[in-house]
Amino acid sequence: EVGFHIANSLTQEGHEIIVIEADLDKVQRLQSELDVLAVTGDGCNANILKQHNVHDADLFFAVSNNDPANILAALTARRLGVVKCAARVGNPYHGFNPLLEDDPDILPLYPERLVAEEILGLMRVPGVSKAHFFADGKLVLLRVRPSLSVDIYGKPLRELQGPEGWILVGVVKGLRLVIPRGDTVLEHGESLYAVGRTETVGDYLKAIGIDIPPTRNVLIAGAGHVGTWLAKGLIKDKIRVTVIQRQAQKAMALASEVPEALVLQGDATDPALLREAGVHEMDYFVAATQDDESNVISSFLARGEGARMLVTLYQRPEFYNVLRAARVDIALNPRLVTAGTILRMVHRREILSLDMVESGDAEVVEFEVPANSRVLKGPLRQLKWPDGSIVGAVIRGDERHVPSGDFAFQIGDRALVFGLTEALPKLEKMFRGK
């Protein structure tokens with residue numbers, strides 16, 4: 001799924017892609033759905049790599065579920081002449097392999113650690129379903145569902161006044177993401193994407209009726225890599241952690257590795273065990289097992305028992321809309337987190353950072369304005385701005401701007417742009433230097 005998503009995103013941007021896959025059924029799916037060259041074979045096989053001119057490739061991604069295979073494939077590709085490689089690593093100890101450490105052009109990626117870090121970031125801003133920081137932490141993108149009690153519904157946006165320094169950049173209407181305009185009307189239950197100053201997050205949340213106390217208690221279902229990384233991070237943040245793990249060996253291993261956490265052996269889909277774990281007192285319930293169905297069921301049970309916020313991991317894309325329809329607060333897919341990290345390697349130097357949202361339907365990108373780029377030709381209102389995109393904020397030295405139509409870019413500005421995925425190639429051209 002990671003490889004499929006990366007290939008899908010890159011073909012939309014016009015890159016030439018070769019995918020090597022051992023499973024013939026998956027190769028046929030690739031051939032029927034994507035404009036890529038799909039090859040049946042072993043990505044560690046040097047002969048296959050040579051046959052398909054791997055030495056001409058700028059980038060090589062080894063993203064199977066097999067750590068040793070990813071490492072061997074990346075090492076082989078580098079020896080054959082690939083400029084840069086990324087190797088997906090599940091078990092942390094594989095990342096410390098001296099063969100990887102000796103080559104700075106092979107980047108080990110830890111999907112589970114990336115997911116755990118994203119969850120930790122969310123728990124530091126309670127009440128939001130996404131929090132991603134940009135511009136060295138000066139700006140933040142939030143996804144949040146406003147309280148039904150605030151007076152923002154049924155009116156066009158041009159009539160609403162939000163906190164200073166904040167701009168609405170996206171509205172989730174049903175299963176569709178909309179880039180808002182002045183005549184956009186907000187309806188009850190819709191989630192919003194907004195960009196603003198990090199130090200005024202509290203002001204923005206209060207303005208939309210969200211006032212939630214700090215995170216103190218967290219219950220995690222699953223003691224795999226995500227659960228372990230997350231438990232360690234929460235303990236470091238002085239948060240009480242309880243973990244439910246079905247397998248006795250994994251439960252004992254976590255209890256030994258993170259002795260400050262309370263570890264219970266059992267099934268998180270058992271309502272009695274959830275009650276015993278004190279789920280009704282939890283600020284967050286995190287379903288982080290490797291089984292999508294178990295994560296969904298345990299999340300529904302936890303909500304019924306009184307957990308305040310739900311974080312649910314899923315692997316299969318079809319579960320995303322199920323979780324949205326069920327109003328799970330935070331649905332995270334490790335493959336998307338990994339794909340977003342990998343895609344940052346592909347883009348030009350003008351892109352400082354990039355994050356994927358709404359299951360890959362949109363991206364928020366931090367650009368640096370180089371000399372001779374198109375955005376320097378005049379104020380915003382005179383630029384032919386790509387449909388489906390909006391400038392959320394601009395950093396200029398120590399100043400932060402929410403740009404209006406009269407705003408004019410300068411060389412060295414850092415712009416945070418929110419847009420649908422299909423708009424990214426046009427945005428890159430707008431910010432590209434000669």
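Biologist: What share of the 434 residues in the chain is buried?
Modeller: Buried residues make up 55% of them. Buried means under 20% relative accessible area, exposed means over 50%, and partly exposed is in between (1.4 Å probe, protein chains only). Keep in mind that this is a predicted model, where local features need pLDDT of at least 70, side-chain atom pairs count only at pLDDT 80 or more, and totals for chains, interfaces and linings use all residues. Residues are numbered from 1 along each chain as its sequence is written, and side-chain values use heavy atoms, with hydrogens and water left out.

Biologist: Okay. How many helices and strands are there in the chain?
Modeller: The chain has 14 helices and 21 strands. Those are DSSP runs numbered from the N terminus: helices are H or I with at least four residues, strands are E with at least two.

Biologist: New topic: how many salt bridges does a search of the whole structure find?
Modeller: It finds 22. A salt bridge here is a side-chain nitrogen of Lys or Arg within 4 Å of a carboxyl oxygen of Asp or Glu.

Biologist: Why do side chains pair up like that?
Modeller: Side chains of opposite charge can pair when their charged atoms come close.

Biologist: Which residue does E33 form a salt bridge with?
Modeller: With R29, and the closest N and O atoms are 3.5 Å apart. Both sit in helix α2 (residues 24–33), four residues apart, so about one turn of the helix. R29 is partly exposed, at 33% relative accessibility.

Biologist: And what does R414 pair with?
Modeller: R414 forms a salt bridge with E366, with 2.8 Å between the closest N and O atoms. That pair links distant parts of the chain: R414 is in strand β21 (residues 414–420) and E366 is in strand β18, 48 residues apart.

Biologist: Is E366 buried or exposed?
Modeller: E366 is buried, because its relative accessible area is 4%. R414 has 21%, so R414 counts as partly exposed.

Biologist: Which residues get joined into one network?
Modeller: R78, K84, D103 and D105, through salt bridges that share partners.

Biologist: Last one: where is R374?
Modeller: R374 is in the loop between β18 (362–368) and β19 (389–396). R374 is partly exposed, with a relative accessible area of 44%.
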